[in-house]
Structures are given as structure tokens and as C-alpha cells.
Amino acid sequence: MIWRSRAGRVAASLLVVSLLFGCFFREAGCQAEEVKEYVLIVDNTYTYRLNTPLYEQIRSMWGEAGTEQILELLRQVYGADQVPQQASTMSIRIYTYTSSDGMSGGTAGADGGSLSGGTQTEPSDFDISSGRLIRYRGKSKVVTLPGTVTSISQGAFYGNGAVKKIIVPASVKTIDQYAFYQCSNLKYIVFAGKCKSVRNSMIYGCDQLVSIVAPRNSKEYKYAEKHGIRAFTADRPTFGQGQLHLLAGDKEKLVLYNTAGSVRWKSSRTPVAAVSASGMVTCRKEGTAKITAEVNGKKYIIVVRVSGKSEEKRIRQIVRTVIRKGMSTREKVKAVHDWLVKHVKYDYNNYLRGRVPAVSHTSKGALLRGIAVCDGYSKAMQKIMKRLRIPCQVVIGRTKGGGHAWNRVKVDGRWLYVDVTFDDPIVNGKNTNTKPYYTYFLKTGKQMRKSHSW
């Protein structure tokens with residue numbers, strides 16, 4: 001059984017985001033000599049990027065329609081919850097890009113005034129209006145926002161492929177959705193203070209992001225935990241742990257968090273555990289090796305302990321890796337759920353051929369081969385829960401796609417349902433997803449019966 005609906009929803013979300021932010025940015029690839037960007041500002045608080053057709057439509061309404069008609073048009077495009085009920089001022093900024101990376105801007109009159117001509121040179125990389133960062137246009141690898149910034153607008157870092165590290169000052173109190181959007185090389189963000197408001201999708205499509213630094217219990221720190229991003233309270237390079245437990249035959253990508261510099265890797269015992277130039281560790285046999293990461297002249301060491309290959313040793317390794325002292329039962333279940341999503345692939349190719357091997361239906365397939373179907377995921381989950389002394393059952397039933405298996409787990413005295421297979425979806429026809437989803441995580445029977453029957 002596979003789950004395809006998640007891929008459809010992801011594609012739909014990307015389409016909406018593309019319509020909102022992408023149309024006019026694509027013009028840059030077509031007109032290298034001159035590209036215009038239009039930004040509508042409402043009450044010096046709300047910012048909306050306009051593609052060319054939307055800009056022309058608003059421009060045609062500018063002298064005749066009142067602000068309410070323009071607001072209504074914005075609601076149709078962006079959604080009612082993204083647009084204020086009324087507005088006292090409106091302005092449009094027009095930016096022109098040239099092949100020399102120059103930029104000029106013009107401003108429209110407010111509340112029905114005519115569009116003004118004239119340009120002004122804007123030498124700064126930051127476009128800031130009344131404390132609101134509307135757009136960062138620079139090419140620096142490490143970006144420190146000015147202390148005058150109090151909020152970060154949606155799309156402020158849209159498509160920036162240069163930035164690797166962003167330092168957000170304590171002056172910033174609100175961050176809009178898609179503020180950090182499709183930054184292809186962004187590795188980590190440092191938040192110096194605590195924000196009052198952080199939108200659920202403030203980071204979107206930043207596939208290289210590995211960590212966030214923020215005060216503990218801040219909204220930014222909780223955002224990282226909710227979205228599976230490593231969170232730290234100090235801005236210094238670290239592995240996040242002193243030891244790494246693996247089995248012979250495992251491959252694991254090491255990450256030195258909180259560094260934007262290039263890293264040189266070295267193993268003390270290559271016959272036990274070799275490491276590539278990208279930090280990929282290959283475990284060859286039982287033993288212990290020290291992996292050194294050198295960056296900016298400083299060395300950081302993590303110990304890799306390699307055990308033999310068996311289900312029992314895998315379960316012990318998982319517990320050592322993801323379970324920490326003081327974790328609640330819910331947190332333990334989530335940690336194991338996430339490990340399985342990140343390390344097990346759905347046996348999709350064999351499923352399509354109609355000849356899934358018997359091992360993919362077992363916990364061995366999931367835990368040792370790293371490939372399984374639904375009952376393999378479920379049996380692996382049950383075995384790890386047994387090790388943690390958390391009551392867990394395998395549930396056999398059906399979904400719209402046919403026969404299926406998932407788990408029932410007892411958390412804080414309540415039996416709840418977990419479907420690890422469906423939380424590790426097939427995306428765009430590929431079984432390479434490693435991002436944990438929580439659509440079917442710790443659900444009640446009533447919630448589960450919307451899509452499952454048993």
C-alpha cells in the first residue's frame with residue numbers, strides 16, 4: 001500500500017506559491033537587461049509582490065477604485081486571512097534590475113493617487129520600509145540584518161542562492177510566511193532574540209537548511225523542533241553529539257552544524273569507518289574510529305562506534321541514537337517514528353511490479369535492509385516500542401488503496417494510532433523521501449477512521 005495524496009497536495013502548494021511569488025521572478029531569466037519587480041505596500045505593514053498582469057490590473061484601478069476594491073482583489077489572490085479589512089494608505093514600489101545588477105525605484109501615490117515617475121538610487125542590499133525588511137538583494141554568504149529591522153516580509157529572501165547563514169537581530173519581532181523561500185544554499189539561521197509572531201511556513205523550500213540557533217522556548221526554537229530542524233542555543237560549530245552508533249554496512253552523512261565554511265574530513269581508522277570529502281561515513285567492520293572535521297583552522301571530533309549487523313543491535317543503536325534522558329512517551333514515539341521515516345524506503349519498485357519479496361514484509365527488511373512495505377514498517381515500530389516498554393500493536397485493515405498495516409500505541413494512558421508508512425510518502429513517483437510527516441501520527445480512532453478501516 002502506498003500513499004499518493006501527499007504528493008498531490010505538495011504539488012498544489014508549490015503551484016500556489018509559484019503563482020504568488022514566482023511569475024515575475026521568472027522574467028529575470030528572459031530579460032537579462034531589464035526586469036521590473038512590483039511591490040504593493042499597505043499601511044506600511046503588509047507587502048504583496050505583484051506579477052505583471054496583477055500589477056497592470058491594480059494600476060488600471062488606481063485612479064478610479066477605492067482602496068476596498070483593491071483589497072478585495074488582493075483577497076481573491078492571496079486569501080482573505082492575508083489581507084486587512086481596511087487600509088488608510090497604499091503605495092507601490094517599482095524596482096528595475098539591469099545586467100549590471102543596478103536598481104532603481106519609483107513610488108506610487110497613496111489611496112487613489114496617480115503613479116509617480118522619477119527614480120532614486122538604492123545602494124543598500126536591504127530594502128527596508130518602516131522597520132519592515134521587504135527584500136534582501138545582496139550576494140553575501142553570511143548576512144546580518146540591520147538592527148533597525150523589526151519584521152521580515154514574505155519572500156524577503158526569495159530565491160537567494162548565495163546566502164549560507166543569516167543572523168536575525170533581537171529587534172525582529174515578526175516573521176511572515178515564506179520569508180526564507182527557496183534559498184538553495186542556506187545552511188542555518190541564527191535568531192538573537194525571541195519573536196512575538198512566527199508564521200508556520202516562514203521557511204519553505206530551503207533544502208540545505210540543517211540547523212537553527214535560537215533562545216530555548218522561543219517561537220523560533222519551537223518552530224525548528226516542529227519542522228524537524230536541529231535546534232541549538234549557541235552559535236558555534238558542533239556535531240550535536242559526542243558519539244555516533246552504527247552497524248557494519250551502514251552509511252551515514254555527518255553534519256557539522258552551525259558552520260557556513262568548507263569542511264575537511266578525516267578518519268582515524270579507515271578500515272573501520274571511512275569518510276568521504278562530503279562527510280559520508282561508510283562503516284566497514286566492528287570497531288571504533290574518530291572522525292575529524294576541520295573548518296577555519298579548528299578541529300571537531302566525533303567518535304563512531306560500529307557494531308555487527310543484527311536486528312537486536314539495530315534496535316539498540318536506534319535507542320542510543322534518538323532517545324534522550326527525560327523524554328516523555330510522546331517524544332519517544334515521535335523520535336522512533338522519525339528515525340524510520342529517515343532510514344527506511346518504501347519498496348516502491350517491487351510494489352509496482354507486483355512482486356514484493358517476503359523480506360519487505362518483515363521488521364528485518366525495515367531495520368537491516370532499509371526497505372519495506374507497510375507491515376515491515378509496522379513490525380519494526382512494534383519491536384522498537386517493546387524495547388522502550390511502550391505498549392504497541394500492529395493493526396491490520398484497509399485504506400482506499402487496499403490492504404494496509406499500521407500501529408496502535410499507548411501514550412499517557414490512551415491508545416492512539418500511528419501510520420509510519422503514510423508519513424513516509426511516495427513523492428513525485430520516488431521513494432527517496434526522508435522528511436517526516438505527521439498527518440497520521442498519534443491520531444484517535446475517530447480521526448483515523450476517516451481514511452482507515454479495521
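How many helices and strands does the secondary structure of the chain come to? In this predicted model, the chain contains 11 helices and 29 strands. Of its 454 residues, 48% are buried, and the accessible surface amounts to about 22000 Å², with carbon and sulfur atoms accounting for 47% of that area. When contacts between residues at least 6 apart in sequence are considered, 48% of them are found to join residues at least 24 apart.

Among the strands, three form an open sheet in the order S19-S22-S21, and their pairing is antiparallel. From one strand to the next, the twist averages 20°. The antiparallel pairing of S19 with strand S22, which spans residues 280-283, is made through three bridges, and within this part of the sheet Lys251 is placed opposite Thr282 of S22. In a regular strand, side chains alternate between the two faces of the sheet.

A further antiparallel pairing involves strand S27, covering residues 392-399, and strand S28, covering residues 402-411, with eight bridges joining the two.

How values were computed: Residues numbered from 1 in each chain as written. Predicted model: local features only at pLDDT ≥ 70, side-chain atom pairs only at ≥ 80, totals over all residues. Heavy atoms only, no water. Pairing = 2+ DSSP bridges. Helix = DSSP H or I, 4+ residues; strand = E, 2+ residues; numbered from the N terminus. Axes fitted to C-alpha atoms, helices over the stretch in contact; angles between N-to-C directions. Buried < 20%, exposed > 50% of the residue type's maximum accessible area, 1.4 Å probe, protein only. Contact = heavy atoms within 4.5 Å. Areas by Shrake-Rupley, 256 points an atom, 1.4 Å probe, with all protein chains shown as cover.
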